[in-house]
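The stops below are given in the order in which to select them.

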Amino acid sequence: MRIENSGDCYLSCLRGLLLGLVVVLVGLLATNNAAAGNVYRWVDAQGKVHFGDRPATTDHAEQLDIEVGQGWQPFAIQVFYEAGLASLPQQPLDQARIQREVNWVYRFYDQVLYFDFFRQVPVSIHVFPDVGSYQRYVSAHVAGPFPPSLGIYLPVSNEIAVYLQPSELGGIENTYNTIRHEVSHAIMDSLASRLPLWLNEGVAEQMETLSWADNRFVINAHQMNRAVLDHYRDQAMDVLAFVEIPGDEWQARLESGPNQAMAGQLVYRLLSTSYGRACVTRLLQDYKRGERLRSYYLLDKHYIGSVAAFKLHWSQWLASGMKQPERVVLQ
């Protein structure tokens, strides 16, 4: 879940994770027989837009040019416009772009984090015109109160809900970012549901700036996360205590501390070095296998130089202003 929050001198969009039932919808229907790149878009009689390898009708089916590498099979994604959006003469989001970018996230997990998609992760993305219609929909699917958010994954119904963000929250571009963020949560929920929140949210934050160019993944520095964490630096927890935050405390700190930004920056720093990436991969694989050890002990096991080096490297980077690297390029 991406949390909306306002702060003193910043356009504060702190994202957070709503515990319990909430995580993110991304229904990806894997097409076992689809040839890489052969994905079609069509509209049914009710005005719903569909993607898949076999269109239900060939009268108005459009083949999409999906950016995929050799051997990669794209997933088909369903996008539903709600609360009157489907009747608009021109759809507000580029659905071919959604298809392409959601597949970036899946491909990143497959080729960088080495997640083997042994089962399908259904995806259905519901787009609402404004925060009001979005909140009414989420309220009907989530038990109890939930913080203001930009998007959410609903594991019970396996769907993602987002709304078209106004310009003060980043507009359409940030809506695409939110979709990629929630897709990350959907994958994690399917493959490694016991992840600690700092790792789950931290990886999802990286998907917001993920791009694919020249057969390489690029993760750009998240400027909002850096600004928020720098602003709240005096309130930031000791990093070894931070990775041990229990779920109820994380939720309580969503609107009063920089934990979402800190999670994003911590994972970004890890991904910026080869040994840090290896550590992230090992952590994720451990949790995928059902590991129950606390983060502290797994970091002590997998981070080069143990938790002492982990804390030292983080403190040095935090003191430097977190300005480097400007981007992480992954082969």
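Select Arg107 and Trp212: Arg107 lies over the face of the Trp212 ring, 3.8 Å from the ring centre. A charge is taken to sit over a ring if NZ of Lys or CZ of Arg is within 6 Å of the ring centre and within 35 degrees of the ring normal. This is a predicted model, in which local features need pLDDT of at least 70 and side-chain atom pairs count only at pLDDT 80 or more, while totals for chains, interfaces and linings use all residues. Residues are numbered from 1 along each chain as its sequence is written, and side-chain values use heavy atoms, with hydrogens and water left out.

The charged end of Lys288 sits over the ring of Phe115, at 5.4 Å from its centre.

Rings of Phe, Tyr and Trp (its six-membered ring) pair if their centres lie within 6.5 Å; planes under 30 degrees apart count as stacked, over 60 as edge-to-face and the rest as tilted. By this rule there are eleven aromatic pairs. One of them is Tyr109 with Phe115, edge-to-face because the ring planes stand at 90°, with the centres 5.6 Å apart. Tyr109 is buried (under 20% relative accessible area, with a 1.4 Å probe and protein chains only; exposed is over 50%, partly exposed in between), at 0%. Phe115 is buried too, also at 0%.

Move to Tyr134 and Tyr163, a tilted aromatic pair with 5.2 Å centre to centre and 45° between the planes. Tyr134 is in helix H2 (residues 131-141) and Tyr163 in strand S9 (residues 159-163), so the pair ties together parts 29 residues apart in sequence. Helices (H or I, at least four residues) and strands (E, at least two) are DSSP runs, numbered from the N terminus. Tyr134 is buried at 0% relative accessibility, and Tyr163 is buried at 2%.

Now select Glu173, in helix H3 (residues 171-191). Is Glu173 buried or partly exposed? Glu173 has a relative accessible area of 43%, so it counts as partly exposed. Its side chain makes a polar contact (a pair of N or O atoms within 3.5 Å; within protein, one must be able to donate a hydrogen and the other to accept it, and residues adjacent in sequence count only if both atoms are side-chain atoms) with the side chain of Arg97, at 2.8 Å.

Finish on helix H4 (residues 197-207), where eleven of eleven residues are buried, among them Trp198 and Glu201.
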